[in-house]
Amino acid sequence: MATRYGVFLRPDPLTCAAVTRITAQLRAQFGLVSAGAFPPHATLAGSLPLAGPPEALARALAPVAPFTVRNHGLAWLNGGLVHDVHGDQLEALAATVDAAVRPLLVPAAGLPADLFEPGRWHAHLSLGSHDLAARPDLHDEVEDYVRGLAVEVPAEFLAEVVAVYRLEHENWTGTWWRAMEWEHVRSLRLASR
């Protein structure tokens, strides 16, 4: 197995539960599995080929205080259906994480590292992602279905936990999300000032 790491913002429990309900329904109804293959999160840095867990994160995050993340509702992003949670403070957090993990990258085959790129990075909570992007014929139906579920998703949550996950896959090619395994490594709580 090839090991990679993901550094994710963990939403509050109610938002996590709502995302989990929606992704489970999309799997049950449409066979969409990619978003539900991960824990509910907003990616700060993903699919990182590193020599080991990014220990430098704790030091980098030490001065970062919790902040409110606003959920702007359903949106389409790169062919996937998401809850748009983008904002300046979340972008600054992703830049902080990027500065801590980028120097730790090691060469790896397959999927490129998902790193912060100013102006291109957009914070979101995935509901339907890789496999939905390959099925544009389902976009309208899936969006209508999600809206019809009437799952209450909080309008905002406090960003206070950054979690590190170990991600494992044979070679990170093809439809890797169907066979990926993950394990929680560590949670880092943003410091109250």
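Me: With which residue does arginine 186 form a salt bridge, and how far apart are the closest N and O atoms?

Reply: First the rule. A salt bridge is a side-chain nitrogen of Lys or Arg within 4 Å of a carboxyl oxygen of Asp or Glu. Here arginine 186 pairs with glutamate 55, with the closest N and O atoms 3.4 Å apart. The two sit in distant parts of the chain, 131 residues apart: arginine 186 in strand 9, glutamate 55 in the loop between strand 2 and helix 2 (56-61). Helices (H or I, at least four residues) and strands (E, at least two) are DSSP runs, numbered from the N terminus.

Me: What kind of model is this, and how are residues numbered?

Reply: This is a predicted model, in which local features need pLDDT of at least 70 and side-chain atom pairs count only at pLDDT 80 or more, while totals for chains, interfaces and linings use all residues. Residues are numbered from 1 along each chain as its sequence is written, and side-chain values use heavy atoms, with hydrogens and water left out.

Me: Are arginine 186 and glutamate 55 buried, partly exposed or exposed?

Reply: The cut-offs come first. Buried means under 20% relative accessible area, exposed over 50%, partly exposed in between (1.4 Å probe, protein chains only). Arginine 186 has 35% relative accessibility, so it counts as partly exposed. Glutamate 55 has 51%, so it counts as exposed.

Me: How many salt bridges does a search of the whole structure find?

Reply: The search finds 8. Among them is arginine 70 with glutamate 156, at 3.0 Å, N to O. That pair also links distant parts of the chain: arginine 70 lies in strand 3 (residues 67-70) and glutamate 156 in strand 7, 86 residues apart. Arginine 70 is partly exposed at 47%. Glutamate 156 is partly exposed at 43%. Another of the salt bridges joins glutamate 117 and arginine 120, at 3.4 Å. Glutamate 117 is partly exposed at 38%, while arginine 120 is exposed at 67%.

Me: Which charged residue is buried yet has no salt bridge?

Reply: Start with the charges. Lys and Arg count as positive and Asp and Glu as negative; His and the chain ends are not counted. The residue is aspartate 12: the nearest side chain of opposite charge, arginine 10, is 8.7 Å away. Aspartate 12 lies in the loop between strand 1 and helix 1 (13-30).

Me: What does the side chain of aspartate 12 meet in a polar contact?

Reply: A polar contact is a pair of N or O atoms within 3.5 Å; within protein, one must be able to donate a hydrogen and the other to accept it, and residues adjacent in sequence count only if both atoms are side-chain atoms. The side chain of aspartate 12 makes such a contact with that of threonine 15, at 2.5 Å. Leaving out residues up to four places away in sequence, aspartate 12 also touches Pro154 and Phe157. Contact means heavy atoms within 4.5 Å.

Me: In what order do the strands of the 4-strand sheet stand?

Reply: Pairing has a threshold: two strands pair if DSSP finds at least two bridges between them. This open sheet has the order 2-1-8-9, with antiparallel pairing. Strand 2 and strand 9 (181-189) are at the edges with a single partner strand each, so one side of each is left without a neighbour in the sheet. The twist averages 15 degrees from one strand to the next. Angles run from 0 to 180 degrees between N-to-C directions, and axes are lines fitted to C-alpha atoms, for helices over the stretch in contact.

Me: How many bridges join strand 1 to strand 8?

Reply: There are 9, between residues 2-10 and residues 161-169. Alanine 2 stands opposite histidine 169 there. Strand 1 also pairs with strand 2 (residues 42-48) over 4 bridges. Strand 8 and strand 9 are joined by 8 bridges. Helix 3 (residues 88-101) lies across strand 1, strand 2 and strand 8, at about 20 degrees to strand 2.

Me: Which residues other than glycine have a positive phi?

Reply: Two cases show how to look at it. Alanine 150 has a phi of about 55 degrees and sits in the loop between helix 5 and strand 7 (156-159). It is exposed, at 64%. Tryptophan 172 has a phi near 55 degrees and belongs to the loop between strand 8 and strand 9. Tryptophan 172 is buried, at 3%.
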